[in-house]
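My entries follow in the order I made them.

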Amino acid sequence: ALRKNQKMMWLLTSLMTHLALARVAIVGGKAQTTRRGDVLSIEARGATSYAWELFRVSNHASLLEKTALASVSRNPRFFVLPPFSLEASKTYVLQVKEAHDDDDDEQDESNSSSTHVVLSVERGSVVATIDGGQERTVDGWPVTLSAAKSFDEDALNLEEKRSPLTLFWHCRDCVSEGETAVVKSPGVVDVTAVAPDGRSSTASVALVDGAVGVDVSTPRRTIGNAEKLVVSGTVHAAAAAEGNVSSRWRTSEVLADGEPLGWWSSSPVAVDGVVATTRCQPLVLPAGSLVGGRDYTFRLDATTTTTGEGYAQVTVSVAAPPVGGEVGVSPVEGGVALETDFTLRTSQWQSDSLPLRYAFFLEDFGTTLRAFSKATDHFPAVLPFPDDDKDDGDDGGSRRRRLTIRA
């Protein structure tokens, strides 16, 4: 492995030896990682125009193969590729240099500035999941479980995500076939999803006898701290139940701003009424209601007036907020209110939940310049007149604006 890495670095060094001084710079450093299912966005600075080329490192690290992949960004400073453009577990070299007019015969190529970044494409995860929650009551046996929503993050589409996975069920009293298992008695049921390359994950559900059958959906393991959360819930009528069924969502964890679940939820937390067959009761929490970096266990309880109760619960992990981050504005010397087209940009954010989305705000006005999107820059941005009381005392009464980036 050491010899292979040395050979690759020698190759990269040889490729760049004709460059005297790298005025062009890559934001984020010369070694970066990405995943196949993420948007690739690489930013360069230091030139007035840019030309990009992407090379794939061969399996033996003995040569670079030029690819036909081209950036989809309208801003030439950025090299952007949509998800699934790159191969997983491969290494790429992205080169950027100053672009020159082809008609300029007097341009000296030896004075061009260039640099590169080595991109490592990491493997995504295999995610195993069982519909119904991680613990739930069942009011009648047998019950059919499904793992059809298990998927591979490296797969391109829904059919590809599921088709290569092999599912192995583990249960005491069940009959399994492919994506489903028919369980005949209470107990813990596991399913392991295995990709062709050996990557795997396991999901479990504990099935309990109950007077009311309840099930909930299982969101993907980690959600972004700025995402809306929707957990579907279903209450099944007990065979001997008569009268009302009361059902309520609960959690013991603290939500944002210390507010209770009912304050944040966009859907009814508690419902009373007769359940003829089934009753759907989703839990909808808007973006910003969950605290980043925490795990939340949500439980849907159901109680009848005659036969007893049931429940289902699921645990959701919330990604920690992004850290680091830089913001830049050009032209840096400022401009004229309502006239100058500013370019706003941000970079260097770090997070355990990718890809990130970014929004640009004017703090003084509480104005959103651009809503959340994956783009790291915003152009053109025409800024309003600052407040009269914001005079900074320089340049005969020039004013400043405070820009906020939220990731």
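This is a predicted model: local features need pLDDT of at least 70, side-chain atom pairs count only at pLDDT 80 or more; totals for chains, interfaces and linings use all residues.

Entry 1, terms for the surface. I took patches to consist of residues with over 30% relative accessible area and no salt bridge, with like charges joined within 9 Å and nonpolar side chains (Val, Leu, Ile, Met, Phe, Trp, Tyr) within 5 Å. A salt bridge here is a side-chain nitrogen of Lys or Arg within 4 Å of a carboxyl oxygen of Asp or Glu. Accessible areas come from the Shrake-Rupley method with a 1.4 Å probe, and for residues only the protein chains shown count as cover.

Residues are numbered from 1 along each chain as its sequence is written, and side-chain values use heavy atoms, with hydrogens and water left out.

I found a nonpolar surface patch formed by Leu338, Val382 and Phe385, which together have about 300 Å² of accessible area. Leu338 sits in the loop between strand 28 (323–330) and strand 29 (342–350). Its relative accessible area is 52%, so Leu338 counts as exposed (over 50%; buried is under 20%, partly exposed is in between, with a 1.4 Å probe and protein chains only).

Of the 407 residues, 40% count as buried. The protein exposes about 21700 Å², and carbon and sulfur atoms supply 49% of that.

I looked up an open sheet of three strands with the order 18-21-24 and antiparallel pairing (two strands pair if DSSP finds at least two bridges between them). Its edge strands, strand 18 (213–216) and strand 24 (278–280), each pair on one side only.

Strand 18 is joined to strand 21 (residues 233–236) by four bridges. I noted Gly213 with His236 as its bridge partner, and Val214 with Val235. Three bridges join strand 21 to strand 24, again antiparallel. Thr234 stands opposite Cys280 in strand 24.

Technical notes: Helices (H or I, at least four residues) and strands (E, at least two) are DSSP runs, numbered from the N terminus.
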